[in-house]
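Student: I'm new to this one. Can you walk me through how to read it?
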Amino acid sequence: MSLSPSPADAARTPHLRVRTQELADPGDLVSLVPAGRPAEDVMSWVRRGEGLVAWGRAASIATSGDERFADAESWWDALVAAADVEDEVALPGSGLVAFGSFSFRNSSDEGSALVVPEMVVGRRGGRAWLTTINRTSDRLPDVTPALAPTGVEARDGALTPAQWRSAVSDAIEMIRTGRIGKVVLARDEIHVADADIDPRWLLTRLAARYRDTWAFAVDGLVGATPELLVRSEKGLVTSRVLAGTIRRAGAGASSEEQDLALAASLARSSKDLEEHEYAVRSVEAALRPHCSSMNVPDAPFVLNLPNVLHLATDVSGALAGGASSLTLAASLHPSAAVCGTPTNEAALVIDELEHMDRGRYAGPVGWIDAAGDGEWGIALRSGQIDIENPCRIRLFAGCGIVAGSDPVSEVAESVAKLSPMREALRDD
Ligand SMILES: C=C(O[C@H]1C=CC=C(C(=O)O)[C@@H]1O)C(=O)O
């Protein structure tokens with residue numbers, strides 16, 4: 001997987017002592033994260049009660065720029081080579097793991113990070129485990145309830161909704177003149193509480209309400225993404241591609257009949273099918289060089305979330321060449337689900353029209369283990385807690401724009417995509 005580290009790198013590489021032991025069912029994973037940790041030291045990757053939660057910081061690297069993925073991977077390879085690991089569970093995600101979050105753009109002012117926690121609790125297929133890293137105690141901390149944010153006030157981010165709607169109109173014009181085929185435009189909003197925001201509160205609410213998403217937290221970035229950029233496990237690579245969205249009638253209000261009608265209209269919408277096709281093709285093109293064979297379904301299915309329905313395609317492949325999950329995530333980023341087609345021109349349009357640095361929103365977020373296996377989502381439906389001022393969180397949402405898009409509907413779709421985080425910040 002990697003070249004041996006140079007003697008100078010080896011001298012700088014921390015020597016981690018890692019122990020994984022089987023655990024009796026620990027109950028709800030998110031509620032195990034202890035109170036009082038800074039937001040940047042709380043980690044999660046949980047879906048339907050399974051996955052990983054972690055806390056503390058045994059080692060970490062901050063990277064940025066064009067080489068952010070490669071630099072993080074070299075650091076990780078050196079760390080793995082130097083670690084002393086005893087792992088009685090031997091499942092993907094047991095033993096040594098790092099959680100990562102990477103900026104959307106090479107030029108972002110917000111860096112990227114890989115963090116190796118001090119304690120990890122995992123559950124998979126009914127088995128649970130505890131991993132400790134450079135710790136002598138293997139006692140789980142006491143469970144303490146998460147704290148609801150109070151006094152939360154919201155304000156516009158870089159653009160007001162009206163300004164963003166006009167940016168969407170400009171994008172549609174650029175598409176009609178043939179400059180690009182598709183672009184994904186995002187907007188942000190700022191929420192400020194009157195005390196530090198507890199990431200455990202957000203995770204608990206997101207994991208309970210959005211069970212088909214991955215509730216993640218890495219380095220202060222917290223969210224519930226429905227989109228799996230890549231999972232790589234024991235030679236099998238999978239990716240869940242989403243693009244093309246319809247709003248549901250209202251939280252909990254939709255009847256089964258309404259949902260079926262909405263799903264049928266989404267599955268027939270030529271505008272959404274076009275938007276989706278761009279995203280699937282970009283994922284297929286990025287994965288193909290790493291796979292000996294691939295399965296790309298001809299037609300999408302409809303993924304039903306509490307706030308929206310999405311067109312979804314599960315792409316899979318047999319890994320050839322042994323790239324790590326992080327290398328695969330780097331090759332896939334940015335897919336047309338978050339950038340556009342053609343990629344470079346769409347990225348320029350994003351710069352021209354969004355007027356903001358996306359930071360880590362829409363970048364890869366997830367985890368990697370010592371074998372290189374891991375799961376990387378796209379950081380959607382999320383917010384970045386400000387590490388300097390943890391009372392403040394910046395939320396994001398974006399929408400794929402194609403020739404047939406309507407600016408007013410796109411603003412409404414962005415509101416629906418902001419709703420999981422807006423609701424998670426409430427105390428009711
Ligand atoms: C960019 C976002 O969603 C993407 C993923 C699924 C559906 C999308 C859409 O229909 O526009 C977007 O491509 C976001 O949620 O911020």
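Tutor: Let's begin with contacts: two residues are in contact if their C-beta atoms, placed from the backbone, lie within 7 Å. Leu206, for instance, touches Ala215, Ala224, Pro420 and Ala424, not counting residues up to four places away in sequence. Before we go on, this is a predicted model, where local features need pLDDT of at least 70, side-chain atom pairs count only at pLDDT 80 or more, and totals for chains, interfaces and linings use all residues. Residues are numbered from 1 along each chain as its sequence is written.

Student: Which helix is Leu206 found in?

Tutor: Helices (H or I, at least four residues) and strands (E, at least two) are DSSP runs, numbered from the N terminus. Leu206 sits in helix 4, residues 199-209.

Student: Is Leu206 buried or exposed?

Tutor: We count C-beta atoms, placed from the backbone: a residue is buried if 20 or more others lie within 10 Å of its own, exposed if 12 or fewer, and partly exposed in between. Leu206 is buried, because it has 28 C-beta neighbours inside 10 Å. Its C-alpha atom is 17 Å from that of Tyr361, a residue 155 places away along the chain.

Student: And how many other C-beta atoms does His191 have within 10 Å?

Tutor: There are 19, so His191 is partly exposed. His191 belongs to strand 11. Leaving aside neighbours within four places in sequence, His191 is in contact with Val152, Ala154, Ile393, Leu395 and Leu425. Take Ile393: it is 202 residues from His191 in sequence, yet the two C-alpha atoms are 5.4 Å apart.

Student: What is the handedness of the crossing of helix 4 and helix 9?

Tutor: A crossing is left-handed if the near helix is turned anticlockwise from the far one by less than a right angle, and right-handed if clockwise. The crossing of helix 4 and helix 9 is right-handed. Its contact is made by Leu202, Arg205 and Leu206 of helix 4, with Pro420, Glu423 and Ala424 from helix 9.

Student: What about residue classes?

Tutor: Ala, Val, Leu, Ile, Met, Phe, Trp, Tyr, Cys and Pro count as nonpolar, Asp, Glu, Lys and Arg as charged, and the others, Gly among them, as polar. The contact of helix 4 with helix 9 has four nonpolar, no polar and two charged residues.

Student: How do helix 3 and helix 8 lie relative to each other?

Tutor: Their axes come within 10 Å and cross at roughly 150 degrees, so helix 3 and helix 8 are roughly antiparallel. Here Ala167, Asp170, Ala171 and Met174 of helix 3 meet Val349, Leu353 and Glu354 of helix 8.

Student: Which residues come nearest to the ligand?

Tutor: A residue is near a molecule or strand if its C-beta atom, placed from the backbone, lies within 6 Å of it. Of the 17 residues around the ligand, Leu242, Thr245, Leu380, Gly398 and Gly400 come nearest. Strand 11 (182-192), strand 15 (236-247) and strand 23 (392-401) each supply at least two residues of that shell. By class, the shell divides into nine nonpolar, five polar and three charged residues.

Student: Where is Arg381 found?

Tutor: Look in the loop between strand 21 (374-378) and strand 22 (382-385). Arg381 has a positive phi, near 45 degrees, and is buried, with 28 other C-beta atoms within 10 Å. Ala362 has a positive phi too, about 70 degrees.

Methods:
Axes are lines fitted to C-alpha atoms, for helices over the stretch in contact, and angles run from 0 to 180 degrees between N-to-C directions. Angles under 35 degrees count as roughly parallel, over 145 as roughly antiparallel, 65 to 115 as roughly perpendicular and the rest as oblique.
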